[in-house]
Number of protein chains: 2
Amino acid sequence: MSQIAFNPLVSGLSVPPVPAAQGWARNYDGAQGPLIDLSQAVPGYPPHPEILRLLGEAASSAAYAGYGPIEGEAALREAYARDVSEAYSATLPGANVLVTSGCNQAFVCAAMAVAGSGDAIALSNPRYFNHEGTLAMLGVAMRSVACDAKRAFLPDPAEIAAAFDAGANGVALVTPNNPTGAIYPPELLREIYDICHRKGRWLILDETYRDFLRSGVAPHDLFARPGWQDTLVQLYSFSKSFCIPGHRLGAIVAGEAVISRVAKIMDNLQICAPRAAQVAIARALPQLSEWRAANRLEIARRAAALEAAMRELPAWRVEAIGAYFAYVRHPGHDASSAAVAEALAKRAGIICLPGEYFGEGQGAFLRFAFANAGCERIAELPARLARLTL
Amino acid sequence: MSQIAFNPLVSGLSVPPVPAAQGWARNYDGAQGPLIDLSQAVPGYPPHPEILRLLGEAASSAAYAGYGPIEGEAALREAYARDVSEAYSATLPGANVLVTSGCNQAFVCAAMAVAGSGDAIALSNPRYFNHEGTLAMLGVAMRSVACDAKRAFLPDPAEIAAAFDAGANGVALVTPNNPTGAIYPPELLREIYDICHRKGRWLILDETYRDFLRSGVAPHDLFARPGWQDTLVQLYSFSKSFCIPGHRLGAIVAGEAVISRVAKIMDNLQICAPRAAQVAIARALPQLSEWRAANRLEIARRAAALEAAMRELPAWRVEAIGAYFAYVRHPGHDASSAAVAEALAKRAGIICLPGEYFGEGQGAFLRFAFANAGCERIAELPARLARLTL
């Protein structure tokens, strides 16, 4: 028998980071109290009862058991287009929306639409590891754009322009950022957009966490630009805002040339996103703006609680904090962030992700997904961290 | 502004075939009676009420709103491993099962695990178009293995061996076949498996329609082979057997080396398959064997009804018929199958897919997804087809 073949691009991927980090906690003895899981970005409160009712109603209906349209249920495309139009003071039709099975899939589809094996896309460093993994497994080269602490974790538009000049088909950015939490100011996004537009490259903007920005402030004004469809592809997740990551629902907002290509990809990938959750969220979207606003305030309280907690620990420093994540400098100067994160899980019962999972030169940092934990749990952090010797 | 870049591999994909065919029917005036939709493989009867109840129960539970394990819910992996073990007289653990969001995604994951851009995989001709589309968009070359009418639409193992010698990393086959319906005999599968095993290449076996084979007969005995994990990857869909395509649920059965690679792909692709449907089907699986058996009988009745109906039409010929599909030779010798299918939709109110959507040299055929239509609707076909001049 000859040697069996695997795809080296897949064999070479890292093991999925979140289960790896959660695995460390299996050795925690509980001595510091119950586990505080700050590893994965999941809302630490349940979905609204009305969402659960609507999900149950749609899932138990024979009407949604069959295949649906590839691009998504018309009702959700329309409802989400209205939601985006309101949030960004723009006027978008449902035809600009395609529903995916979560925002990771939205990224896969957007990346595939604009780049294939041998092409390149620019990502920030640090970056969301699944974006890097997706490019790697597709054979798309990654150009790295530094987002260092000294620049408040924001990209330098000149570096993005240089990545384009070196051949990248586009740049994918996450704002509010994962892992750092950094919120990209509208002026910076405008500057990056202008470079993309001028050079004919794509700006893929993952705005999974945009609902947790301060109310009444549009994240950017790019949807008001004439011809944005030729430059901008926006990604979104219903997971965080509606507390339903298990139902896998995301969306792409883009021009019709992108949407028609993504529909071809989606048809091959999985025909259509699961229908029942689409129908439920289409109904929930217009009803729950007060609940979403209350959640935004709760997450803001958690951010404040984390900042207050970390101020008690002079050796630790919150370097950036945003909608869902804080990027924290740990005191273990000689240790790698993975060793520190492992020690936190095993000895302090705190699960978080090491900075080095997010890119080169990130060993000094940890990502705290603080939105997962209530304020009283966050208040336990100083005592646990103070007791920990690294 | 420079020219914007798209991925030519995606731009070059055909438009999704099913919506294209369904689009033809918009011009049907109803003169021949209600539309008979034989285009897409969807069960023409509703899910069992207990499935709907379980789906509703799981979807409305906060317990399944969060992320689940990448590989799938343990309960479904175990339940499906037991189901496969029974059907194939084998003993498989849940660790050999990974749950995907439908069987198209199972194919994407399996293909990516074993082949990347520049590699090759062999497919039959005719073939399921989404398999071809997936390879094309990933930059994986397709080697074509003829499955002609004169060979009863079965592949010649020597041709598969030749494809391997020409560099293909594996062969992906569908049995019962889509589009032809041909059922690959266990001896043929054993012969192909032996070639794969000897040459160290993958046999990807899409058995989406296996529940509609005659009861009590195992589709093959390959899971009983020692070391099957190094050769065989089996794909399955819960969509047809449980009438829930809208919930997007499929599965891969493979060795742990494949499962661990597919888990990396799934994490990037969409973290995990939707959870509520997994939980519901894990509970439904052991309960509904009688209902599944009754459905198998109903589909067999529809197959018999189609054969009887087509015998009334000497100019038309059922060339192959299997679990879900019939491959029918149409009388429009000078017309392309797309023109015939379009005429059927517009003038006879019958939607089916043209053979040429499935590969080269298939212009003489149409695919009838007869499982979609009840026997009384199938009985209407002769009158409608006899009235049609091509």
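Buried area is the accessible area, taken with a 1.4 Å probe, that two parts lose on being put together, summed over both.

**Entry 1: ground rules.** I am looking at a predicted model, where local features need pLDDT of at least 70 and side-chain atom pairs count only at pLDDT 80 or more, while totals for chains, interfaces and linings use all residues. Residues are numbered from 1 along each chain as its sequence is written, chains are lettered from A and ligands numbered from 1 in the order in which they are written, and side-chain values use heavy atoms, leaving out hydrogens and water.

**Entry 2: the interface.** I looked up how much area is buried between chain A and chain B, and found about 6200 Å². Carbon and sulfur atoms give 62% of that area. I also noted that 79 residues of chain A are in contact (heavy atoms within 4.5 Å) with 79 residues of chain B. How many salt bridges are there between chain A and chain B? I found a count of 0, where a salt bridge is a side-chain nitrogen of Lys or Arg within 4 Å of a carboxyl oxygen of Asp or Glu.

**Entry 3: a helix pair across the chains.** Helices (H or I, at least four residues) and strands (E, at least two) are DSSP runs, numbered from the N terminus. I saw that helix H6 (residues 129-138) of chain A packs with helix H10 (residues 256-270) of chain B at an angle of about 120 degrees, their axes 9 Å apart. Axes are lines fitted to C-alpha atoms, for helices over the stretch in contact, and angles run from 0 to 180 degrees between N-to-C directions. H6(A) and H10(B) are therefore oblique to each other; angles under 35 degrees count as roughly parallel, over 145 as roughly antiparallel, 65 to 115 as roughly perpendicular and the rest as oblique. On the H6(A) side I marked A:Asn130, A:Gly133, A:Thr134 and A:Met137, and on the H10(B) side B:Ile265, B:Asp267, B:Asn268 and B:Leu269.

**Entry 4: H10(B) again.** Among the contact residues I picked out B:Cys109 and B:Met112 of H5(B), and B:Ile265 and B:Leu269 of H10(B).

Entry 5: I noted a cis peptide bond joining A:Asn125 and A:Pro126, with omega about 5 degrees. A:Pro126 sits in the loop between strand S3 (120-125) and H6 of chain A. The bond from B:Thr175 to B:Pro176 is also cis, with omega near -10 degrees. Lastly, A:Cys243 has phi near 60 degrees, a positive value in a residue other than glycine.
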